[in-house]
Amino acid sequence: MKKALFLLLLLPAISNAQFKSIFAKAAEKINAATKSNNTLDIAAGLKEALNKGVTEQVSKLTATDGFYKNEAVKILMPEELAKLDKTLRKMGMSKLADEGILAMNRAAEDAVKEATPIFVSAIKNITITDAKSILLGKENAATVYLQSTTETPLYSKFSPVVQQSIGKVGADVIWSNIIKQYNTIPFVTKVNPDLTDYITKKALDGVFKMITVEEKNIRTDLNARTSDVLKKVFALQDKK
């Protein structure tokens, strides 16, 4: 009798414990699902912001003087060729040096025009693993993430386009003439820069800088949030 009574008293406790366990597991599933959906929404918003950076800002680089007259991204002589630039100007060949700089920027403008789909594809396929922390991060956090995860494959795809553009705009001929003339100057260290590598890296830097501009706009200007996804996702950032 006492044993039966003890079991009757224990039953509610067991049932309560089981109920709590079931409830806890259900809550975990709900939280996980909510977290997953939020992450997907945030990731979609970040991708749209980056894609908007290409359509709104990177497209400006493809116009004539898009690089050349934009001080933020203008390609100058490589640091290792600073002496070349100085020597040419000192010897009255400033025009030749200026032609070399213009040719590099023209090549970059043409290359970005041809390679814009590469950047769009990179953004589309990017896997944003920590979307919430990126959203609540610095004003260029999404662009930095894109750069860190795609720059190497982008370089491989972009470099051949740059090389083709160098020939298309005549930068190869101009630079061949510059190097030839410079190397004939007595007592100078001979140079032979890898023009494709240099322009590729600088052009990529320019692309990421311009995407940063649009990301900052979206983060700080409500009018730049031109879709429901952008409005919904970046409203979360406003509350931080």
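Which elements are among those that cover the buried residues of α2? The legends below take up this question first.

**View 1. The buried residues of α2 and their cover.** This is a predicted model. The cover over the buried residues of α2 includes α3 and α6. Four residues of α2 are buried: Leu-84, Asp-85, Thr-87 and Leu-88. One of them, Leu-84, is also among the residues with the most contacts inside the largest nonpolar core. After α2 comes Gly-92. The phi of Gly-92 is positive, near 80°.

View 2. The chain has eight helices and zero strands. Read from the N terminus, its elements run α-α-α-α-α-α-α-α. Of the 240 residues in the chain, 40% are buried. Now take the contacts with a separation of 6 or more. Residues 24 or more positions apart account for 79% of them.

**View 3. The largest nonpolar core.** This core holds 66 residues. Leu-46, Leu-84, Phe-119, Phe-158 and Ile-199 have the most contacts inside it. Which elements give two or more residues to this core? They are α1 (2-61), α2 (82-90), α3 (94-125), α4 (131-135), α5 (141-168), α6 (171-183), α7 (195-220) and α8 (228-238). The element that gives the most is α3, with 14 residues.

**View 4. Phe-158 and the residues it touches.** Phe-158 lies in the largest nonpolar core, among the residues with the most contacts there. Leave out residues up to four places away in sequence. Phe-158 then touches Ala-111, Val-112, Ala-115, Ile-118 and Phe-119, along with Thr-200, Ala-203 and Leu-204. One of these partners, Phe-119, is also listed with the most contacts inside the core.

**View 5. The crossing of α3 and α7.** The axes of these two helices, α3 and α7, come within 10 Å. They cross at roughly 60°.

**View 6. Side by side: the residues where α3 meets α7.** From α3 come Met-104, Ala-107, Ala-108, Val-112 and Phe-119. They meet Leu-195, Tyr-198, Ile-199, Ala-203, Leu-204 and Val-207 in α7. How many residues of each class does this contact have? The contact of α3 with α7 has eleven nonpolar residues, no polar ones and no charged ones.

Key: Residues are numbered from 1 along each chain as its sequence is written. This is a predicted model: local features need pLDDT of at least 70, side-chain atom pairs count only at pLDDT 80 or more; totals for chains, interfaces and linings use all residues. Side-chain values use heavy atoms; hydrogens and water are left out. A nonpolar core is a set of buried Ala, Val, Leu, Ile, Met, Phe, Trp, Tyr and Cys residues joined through side-chain atoms within 4.5 Å. Buried means under 20% relative accessible area, exposed over 50%, partly exposed in between (1.4 Å probe, protein chains only). Contact means heavy atoms within 4.5 Å. Axes are lines fitted to C-alpha atoms, for helices over the stretch in contact, and angles run from 0 to 180 degrees between N-to-C directions. Ala, Val, Leu, Ile, Met, Phe, Trp, Tyr, Cys and Pro count as nonpolar, Asp, Glu, Lys and Arg as charged, and the others, Gly among them, as polar.
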